[in-house]
Amino acid sequence: MRQDAQKCSDPVPKVLAMPNSISETLRRTDLLLREAYDHLGFVEGPDDAFQTGNLPHVSPLAYLCTRYPGLDDQGLLAAEEEAGGYVPEPYRALLSHMNGARILGISLLGATGGLLHRSVQGIGQPISLRYSNVVERPAYIPAGSLGIGAINGPSYSQGHLYLASTGEVELYNAALDRVGARWASLAIFLAEEIPRRMAFHDDRGHRLAGAKLLPGDTEDWEDLAKAARQQDEPRGLLARLGGLLRRR
């Protein structure tokens with residue numbers, strides 16, 4: 001049975017407090033990230049795309065934040081096709097502003113079809129909306145919810161983000177019918193979660209010890225995912241051995 005999610009209601013950081021609209025929140029988020037991380041190194045691409053917060057201690061092309069170029073009307077139609085259905089207005093507004101992103105461990109999905117010419121070295125493309133909505137969509141996800149992204153835990157765990165038909169953003173366990181966190185809107189999710197994650201890194205971009213990567217009531221998700229991985233490993237080994245024997 002699904003456990004109640006934790007409502008994310010911590011005080012909103014002043015820099016993104018009380019978002020008036022998703023468009024205003026996205027604009028302010030761009031400014032916040034550039035001001036915070038450009039000193040570490042940045043790359044700018046077409047149509048306001050950028051990467052900021054270079055992490056040479058991870059790899060020469062690693063960045064804390066990647067923001068892809070926004071979609072035009074044709075791109076939005078492609079996004080709906082990849083999602084397998086209707087894309088609600090808040091996420092259409094986000095896709096118009098940026099076709100997905102990777103921000104401080106948050107992956108936001110976008111459209112990929114026909115957009116290779118818009119990629120630039122070091123920026124690339126988002127993960128397709130198709131994965132959370134068509135390829136890997138659990139049966140227990142409500143029909144009106146749109147898969148919009150994911151957040152990784154420390155090692156084994158992951159949360160999947162869904163935009164509900166009510167406008168709320170919900171963080172589902174990647175393997176269980178369990179919601180760990182819920183935000184009242186997409187704008188509030190961005191306004192709360194991105195500043196919270198900015199506190200995970202020092203001035204040089206190194207992640208600080210003790211950062212709570214998965215928000216909300218998710219303290220046991222890492223142990224649950226680790227246990228599930230350990231149970232799957234023997235079955236995976238037996239399957240590989242069986243395949244070797246069949247080929248002989």
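Me: Before anything else, what is the expected span of a helix?
Reply: The expected span of a helix is 1.5 Å times one less than its number of residues, and helices themselves are DSSP runs of H or I with at least four residues, numbered from the N terminus.

Me: And how far apart are the end C-alpha atoms of helix 5?
Reply: They are 18 Å apart in helix 5 (residues 186–198), which agrees with the 18 Å that its 13 residues should span at 1.5 Å a residue. Bear in mind that this is a predicted model, in which local features need pLDDT of at least 70, side-chain atom pairs count only at pLDDT 80 or more, and totals for chains, interfaces and linings use all residues. Residues are numbered from 1 along each chain as its sequence is written, and side-chain values use heavy atoms, with hydrogens and water left out.

Me: How many residues of helix 5 are buried?
Reply: Counting as buried those under 20% relative accessible area (1.4 Å probe, protein chains only), 11 of the 13 residues qualify, so helix 5 is largely enclosed by the rest of the structure. Among them are Phe189, Glu192, Glu193 and Arg197.

Me: What about the whole chain, how much of that is buried?
Reply: Of its 248 residues, 47% count as buried.

Me: New topic: which residues of helix 1 meet helix 3?
Reply: Ile22, Ser23, Leu26, Arg27 and Asp30 in helix 1 meet Pro90, Ala93, Leu94 and His97 in helix 3, where contact means heavy atoms within 4.5 Å.

Me: At what angle do helix 1 and helix 3 pack?
Reply: Helix 1 (residues 22–37) and helix 3 (residues 89–97) pack at about 35°, and their axes are 9 Å apart; axes here are lines fitted to C-alpha atoms over the stretch in contact, with angles running from 0 to 180 degrees between N-to-C directions.

Key
Helix = DSSP H or I, 4+ residues; strand = E, 2+ residues; numbered from the N terminus. Buried < 20%, exposed > 50% of the residue type's maximum accessible area, 1.4 Å probe, protein only.
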